[in-house]
Amino acid sequence: MMKALALLERLADGETHSGESIATGLGVTRAAVWSQVKRLQAEGVPVHAVPGKGYRVPGGYEFLDKAAIELALGPDGRRLLTELVVDRATDSTNQRLLDRLDESSIHGLVWLAEYQSAGRGRRGGTWLAPPGSGLCLSLGWRFDSPPSTMSALSLVVGVAVVRALERLGARGIALKWPNDVYHADRKLAGILIEMRSEFGGPCTVAIGIGINTALSKDAHARIREQATDVASACGSVPSRNRTAAFVIDETFAILEAFGHGGFAPFHAEWRQRDLLDGRALQLETPERVVAGIGRGVGPDGTLLIESDGRTQAYLSGHIVLGAPA
């Protein structure tokens, strides 16, 4: 994939470049250029072949840039960030944090990648992010004294993502319990939290945040699910570097506050964004399927479902919207 990304650098300006000039610049054959163009297209990057002229990426391509992200950070981001790593390609940004944890602290460490070959999603799934279509971002954080509502961590990270997107101009953003961000009933972002803890002691988390910023038609086809992007919520294509900076700002600020006050300060804000409140749904657990109506979340972040005249709290499970068939 590194060869394909090197070719993409030549097309990042949005202009048309001949296969011959690209081949010369990269020190490869024109056949090799064509091979990497096909690789990019297969990954969902809209590389257009212009007959008799060469190749172009309409609108250009914004690579993730460490200096640009650091420049766009606000006070909280600058204060709490300990290290920022921007990879061209990796297997999983969360895995990079967890590997680093074996050697040193990852508190305040942020890892981004232009391309992930093995991005992880919930329930053992994968997170697909065609190059340039979004953000693959992971943050490390250590709670010396984890709050009693630690199970609500994914909910408060969702609030942070909403705040960041609203700073970009997004409107109508909703949160789907426990860790998805939606717009117009389509998934816009997902959160994956992987935890390492000592019994009764400190807890370190790797927080993976995947955000669709601007999905091309090719990228939509590759994801193959009901997805949307920040561009749709904002009405314009956002800068990926600016988006990354805002997410870092808001997430660090919320993690610090959550460590002191738990979920309580964010309960009302989360409920204002609740996608499931008042809607028919099914909760799938390993033991059973619960069908009912969403009734918000409890003070500990558990999902409340009204079923058969009773409202009960659930700590985990997979949500399917709609009444049972």
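## A hairpin and its sheet

Strands β12 and β13 form a hairpin with 2 residues between them, and Asp 308 in the turn has a positive phi of about 55 degrees. Strands here are DSSP runs of E of at least two residues, helices are runs of H or I of at least four residues, and both are numbered from the N terminus. The structure is a predicted model, in which local features need pLDDT of at least 70, side-chain atom pairs count only at pLDDT 80 or more, and totals for chains, interfaces and linings use all residues. Residues are numbered from 1 along each chain as its sequence is written, and side-chain values use heavy atoms, with hydrogens and water left out.

Strand β12 (residues 303-307) pairs with β13 in the antiparallel sense over 5 bridges; two strands count as paired if DSSP finds at least two bridges between them. Within this pair, Ser 307 stands opposite Arg 310 of β13, and Glu 306 stands opposite Thr 311 of β13.

Strand β9 is mostly covered, with 10 of its 10 residues buried. Buried denotes under 20% relative accessible area, exposed over 50%, and partly exposed in between, computed with a 1.4 Å probe on protein chains only. Cys 203, Val 205, Ile 207, Ile 209 and Ile 211 point one way from β9, while Thr 204, Ala 206, Gly 208, Gly 210 and Asn 212 point the other way.

Two antiparallel pairings involve this strand: β5 pairs with β9 over 10 bridges, and 9 bridges join β8 to β9. Val 205 of β9 is the bridge partner of Met 195. Thr 204 also lies in β9 and counts as buried because its relative accessibility is 10%. Residues up to four places away in sequence aside, Thr 204 touches Leu 101, Ile 106, Trp 141, Arg 142, Glu 194, Met 195 and Arg 196, where contact means heavy atoms within 4.5 Å.

## Helix α6

The buried residues of helix α6 (residues 93-101) are Thr 93, Asn 94, Arg 96, Leu 97 and Leu 98. These buried residues pack against β3 (83-90), β4 (109-116), β5 (134-143), β8 (186-197) and β9 (203-212). Ser 92 caps the N-terminal end of α6, with a side-chain oxygen 3.3 Å from the backbone nitrogen of Asn 94.

## The crossing of α7 and α10

Two packed helices are described by the angle between their axes and the distance between the axes. For helix α7 (residues 153-167) and helix α10 (residues 240-261), the axes come within 8 Å and cross at roughly 145 degrees. The axes are lines fitted to C-alpha atoms, for helices over the stretch in contact, and angles run from 0 to 180 degrees between N-to-C directions.

Residues of α7 in the contact include Leu 153, Val 156, Arg 163 and Arg 167, and those of α10 include Phe 246, Asp 249, Glu 250 and Phe 258. The residues of the contact divide into 11 nonpolar, 1 polar and 4 charged. In this division Ala, Val, Leu, Ile, Met, Phe, Trp, Tyr, Cys and Pro count as nonpolar, Asp, Glu, Lys and Arg as charged, and the others, Gly among them, as polar.

## Loops and backbone geometry

Most residues other than glycine have a negative phi, and most peptide bonds are trans. A cis peptide bond joins Trp 177 and Pro 178, with omega about 0 degrees; Pro 178 lies in the loop between β6 (173-176) and β7 (180-183). In the loop between β7 and β8, Ala 184 and Asp 185 are found. Phi is near 55 degrees for Ala 184 and near 60 degrees for Asp 185. Ala 184 counts as exposed because its relative accessibility is 60%, and Asp 185 counts as partly exposed at 43%.

Glu 15 is found in the loop between α1 (2-11) and α2 (19-26) and, at 49% relative accessibility, counts as partly exposed. Neighbours within four places in sequence aside, Glu 15 is in contact with Tyr 55 and Arg 56. Glu 15 and Val 57 are 42 residues apart in sequence and 7.3 Å apart in space, C-alpha to C-alpha.

Technical notes:
A polar contact is a pair of N or O atoms within 3.5 Å; within protein, one must be able to donate a hydrogen and the other to accept it, and residues adjacent in sequence count only if both atoms are side-chain atoms.
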